[in-house]
Amino acid sequence: MPLPGAGPPGAMGTAVGPMSLRELLLAAEAGGAAGGEEEVCVVGIFGKTALQLCSEKEALVSTVCDRQVFPLFPEEDPELADGAAGQDGDPTTKDYNQLQAYYSQESRVLYLVLTSICDTPQLLRACGDLAAAESREAGPGHPSGGAAPLPHAEAHEFWKHQEKLHCLSLLYLFSVCHILLLVHPTCSFDITYDRVFRALDGLRQKVLPSLKAAIKDCPVGKEWKLNCRPCPPRLLFLFQLNGALKVDPLPSRGQDPCGHLEKPPPKKHSPKRRLQHALEDQIYRIFRKSRVLTNQSINCLFTVPANQAFVYIVAGGPQDGDDPVAMLLDQLRSNCTMRETDSLLAPTLSGPRRYQMMRHGRQQLSFHAESSSSSSSSSGQLVDCTLKEFLWQHVELVLSKKGFEDSVGRNPQPSHFELPTYQKWVAAALKLYEVTIEGKDDDPTCGELSSKIMSSIKVLEGYLDIDTKFSENRCQKALPMAHSAYQSNLPHNYTMTVHKNQLAQALRVYSQHARGPAFHKYAMQLNEDCYKFWSNGHQLCEERSLTDQHCVHKFHLLPKAGEKPEADRNPPILYHNSRARSTGACNCGRKQAPREDPFDIKAANYDFYQMLEEKCCGKLEHINFPIFQPSTPDPAPARDESSPAPPEGEIEKLKEKEPQTQGESTGLSLALSLGQSTGSLGTYPPDGQGGGDNAESHGQSGDSKSEKRPSLVDRQASTVEYLPGMLHSNCPKGLLPKFSSWSLVKLGPAKAYNFHTGLDQQGFIPGTNYLMPWDIVIRTRTEDEGDLDTNSWPAPNKAVPGKRSAVVMGRGRRRDDIARAFVGFEYEDARGRRFMCSGPDKVMKVMGGGPKESALKALNSDMPLYILSSTQGRGLKPHYAQLMRLFVVVPDAPLQITLTPQVQPGPPPCPVFYPEKQEITLPSDGLWVLRFPYAYVTERGPCFPPKESQQLMSYKVLRGILKAVTQ
């Protein structure tokens with residue numbers, strides 16, 4: 001019964017394969033195969049390959065067996081990868097090591113060929129999988145339009161992981177083979193193998209107990225179970241010339257290339273053999289120095305023969321058939337030119353014709369020292385052996401059960417040797433394959449042993465990952481320097497911004513000294529260390545006051561209702577404090593007092609003025625603004641998100657349905673049900689409250705005023721939800737705050753203001769405490785109405801109409817037809833200094849007798865909310881004064897003055913703020929003071945005062961703040 005996968009009957013002997021080693025082991029274990037009791041020699045082949053075609057290690061098996069064992073152009077089969085997990089997943093979880101087997105029953109030799117990322121096909125496959133994974137991670141919308149490059153640390157980790165898996169496959173080969181062939185694509189020894197073999201030796205000593213447990217029940221000898229290998233394997237080296245060494249044939253007789261020179265005597269060995277001897281001496285010396293080879297072979301990972309050649313140089317190149325395309329072209333040319341000789345050579349061919357023709361074509365096209373035996377022997381040089389002869393001198397020692405006596409020294413100890421049968425070898429090799437490479441978890445014993453082996457793979461890091469080891473040492477030395485750079489010039493407590501700036505400086509210092517794949521790892525550690533240092537008692541409170549000043553306390557908690565501050569707790573319980581103090585006046589402006597820098601809107605716009613209200617303004621007449629009146633014990637603040645404004649057509653439909661929908665929304669929040677009854681700017685007058693250009697704002701309007709039907713918002717406000725901030729153009733409609741940030745106070749009658757002396761209040765800079773006159777025309781009279789003027793001087797006879805008219809009209813307009821009001825825009829800075837402005841960016845300055853400039857310019861312009869203070873300090877930082885009060889003197893006359901303040905405390909899209917009652921009618925005969933808010937806050941945060949680089953005119957009080965209407 002032939003073995004599974006046996007070759008055709010006409011082949012040279014009966015052979016198995018080539019196939020995956022896993023398939024061969026499972027097939028041999030499943031049923032008894034012919035030749036199962038035959039003793040076999042196991043030869044393992046590993047190493048690297050060149051970039052050119054047909055330079056793989058499989059070609060060596062074809063050369064030794066003298067037949068085309070492996071296909072010339074193998075198909076890409078991803079399922080061939082042993083242990084490849086998650087083929088469509090992460091490439092970092094794959095194992096790109098392939099073990100292929102070919103068993104020749106004729107020679108009783110089992111060839112195991114290891115293909116890894118050191119070979120061109122697997123390297124290309126790994127790079128392709130990495131590129132595909134990068135493309136998947138980048139996605140179609142990546143800004144670069146292609147794959148995102150893999151970070152250096154991750155790429156290094158991937159390749160080093162593959163190198164560790166390669167070492168596991170090598171450990172398996174060193175545990176099941178008698179002879180090992182190391183193939184290298186050049187004719188110089190790769191010194192990195194010294195590090196790899198030392199890593200393998202350390203790994204084998206570490207996992208030896210696990211390997212013993214795996215094969216303890218296998219039908220192999222005692223020495224095999226004790227050492228986990230049939231014998232210390234003998235390692236042979238195969239180097240390929242690939243055109244690196246040019247060897248020309250010796251000149252024939254009668255030729256004298258150097259006729260005028262003395263002919264050098266012929267050497268005993270050919271150049272190739274001399275190179276082999278030099279490489280043997282070099283390799284043996286290196287391995288002895290690094291103690292990979294010792295006197296006792298039983299303790300070594302492998303052995304080399306003391307009296308036999310263990311280095312062979314394969315003369316390769318395009319001329320020798322390594323390049324299949326060049327070989328086929330040369331063969332075609334040879335067939336076309338040598339048809340007569342071809343018929344003579346045909347009867348002498350034996351075996352597979354195709355492979356023999358390839359070998360025959362190679363021998364005619366290239367130079368082989370062993371093929372020119374007559375010339376070599378005649379010149380006195382020894383004949384070089386072929387590859388099969390080189391390998392078979394070692395295989396025969398195994399098949400003859402002589403073993404390898406490679407121990408040296410005075411007292412060499414014999415090493416164990418066992419030649420197993422095919423079936424016994426399969427039993428032991430399958431167990432080692434399961435625990436070493438496959439990592440089976442089905443069997444608890446195998447799963448435990450496999451996990452132990454994988455945990456022991458860290459032993460390889462010290463040998464293989466030299467780059468990471470050097471990088472970690474370098475990065476560890478750079479960390480203290482980076483820590484010092486972070487902590488330099490730091491205050492005891494600092495904010496997140498300072499922390500980020502110092503961290504950036506520390507990373508710059510770190511990047512100047514750190515190198516290698518561990519750079520990112522220790523950069524993350526530096527980030528964590530700096531964050532721990534900052535958060536461990538050095539973190540400053542991040543809260544900013546309404547004037548954009550930081551709290552000076554370290555990280556703390558705010559006291560709850562009825563709780564006292566405790567500075568000794570961790571974290572402490574304290575109120576916010578920026579240590580910034582300013583001086584402010586009360587609602588009416590008559591009394592000044594120091595104030596703390598506020599951190600909430602209630603302290604800024606209500607509590608401070610309520611404290612002064614009891615001392616100064618409490619007995620004055622007030623016009624109170626509407627505030628939230630709760631109907632439930634636990635009112636809730638309104639949500640931050642405001643309902644979007646519907647289209648204009650829907651607004652009109654909603655307005656038409658207001659009487660019907662008013663009573664239907666009782667089950668919903670009143671604020672949300674009312675939010676769609678008006679536009680996004682609230683219930684502003686339709687003529688535009690910033691209309692300083694129209695006649696009404698100049699006091700030139702007529703007597704009639706069209707009445708506007710009050711909307712639902714004007715009639716009723718929510719009693720369930722309150723507005724957490726201030727009233728502005730973007731807040732939900734129908735909501736009121738718990739307190740008003742505005743104040744309107746009556747200082748006294750109109751005569752309380754003296755036009756010649758100005759206001760008698762604290763803090764005013766001399767010459768700036770005057771109100772500007774505002775002349776309002778009450779009634780315009782014609783010439784005919786002048787004759788009926790009852791206030792004219794009585795005369796018995798009628799005077800000349802022209803003359804009398806001029807006198808009466810002049811006297812009457814001055815006395816009866818014009819009413820004079822007074823207006824003043826007061827600004828106040830943080831040091832309590834106050835002054836009036838007569839126009840935008842124009843500070844009032846009166847030398848005596850009262851101001852001559854009219855208030856029309858100020859009323860028809862957008863007045864700035866902030867202005868540079870008239871007296872600056874010594875520092876470079878400018879001091880700003882804020883518009884805090886509007887003084888209005890309403891005369892005792894038949895007119896009506898309406899107050900409609902609108903403030904935009906920032907550039908767009910900053911909302912417009914206004915009081916809870918947007919249009920206030922000031923009673924006649926009074927000196928009224930409108931106090932503006934100290935701070936402006938929305939639901940999203942405060943509107944901070946301007947910085948140096950910002951335009952002050954973006955912070956403004958909109959024009960049209962006062963309107964005059966005659967009655």
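Guide: We may begin with a sheet in this predicted model. An open sheet of 3 strands runs in the order E18-E27-E22, and its pairing is antiparallel.

Visitor: What makes strand E18 and strand E22 edge strands?

Guide: Strand E18 (863–864) and strand E22 (903–905) each pair on one side only, and they are the edge strands.

Visitor: How do you know that E18 and strand E27 pair?

Guide: Two strands pair if at least two bridges are found between them. E18 and strand E27, residues 955–957, are joined over 2 bridges in the antiparallel sense, so they meet that requirement. Within this pairing, Pro864 stands opposite Lys956 in E27.

Visitor: Let us turn to the aromatic rings. How many aromatic pairs are there?

Guide: The count comes to 34 aromatic pairs, with ring centres within 6.5 Å as the rule.

Visitor: Why is the pair of Phe46 and Phe174 called tilted?

Guide: The ring centres of Phe46 and Phe174 are 6.0 Å apart, which is within 6.5 Å, so the rings pair.

Visitor: Are Phe46 and Phe174 buried or exposed?

Guide: Buried means under 20% relative accessible area. Phe46 has 1% and is therefore buried. Phe174, also at 1%, counts as buried by that cut-off.

Visitor: What makes the pair of Tyr312 and Phe390 stacked?

Guide: Tyr312 and Phe390 lie 5.3 Å centre to centre with 25° between the planes, and because this angle is under 30 degrees the pair counts as stacked. Tyr312 lies in strand E7 (residues 311–314) and Phe390 in helix H12 (residues 387–399), so parts that are 78 residues apart in sequence are tied together. Tyr312, at 4% relative accessible area, is under 20% and therefore buried. Phe390, at 1%, is buried for that reason too.

Visitor: How do you know that Arg595 lies over the face of Tyr934?

Guide: Arg595 is at 3.9 Å from the ring centre of Tyr934, and the distance criterion is within 6 Å. Arg931 likewise lies over the face of Tyr609, at 3.8 Å from the ring centre.

Notes:
Residues are numbered from 1 along each chain as its sequence is written. This is a predicted model: local features need pLDDT of at least 70, side-chain atom pairs count only at pLDDT 80 or more; totals for chains, interfaces and linings use all residues. Side-chain values use heavy atoms; hydrogens and water are left out. Helices (H or I, at least four residues) and strands (E, at least two) are DSSP runs, numbered from the N terminus. Rings of Phe, Tyr and Trp (its six-membered ring) pair if their centres lie within 6.5 Å; planes under 30 degrees apart count as stacked, over 60 as edge-to-face and the rest as tilted. Buried means under 20% relative accessible area, exposed over 50%, partly exposed in between (1.4 Å probe, protein chains only). A charge sits over a ring if NZ of Lys or CZ of Arg is within 6 Å of the ring centre and within 35 degrees of the ring normal.
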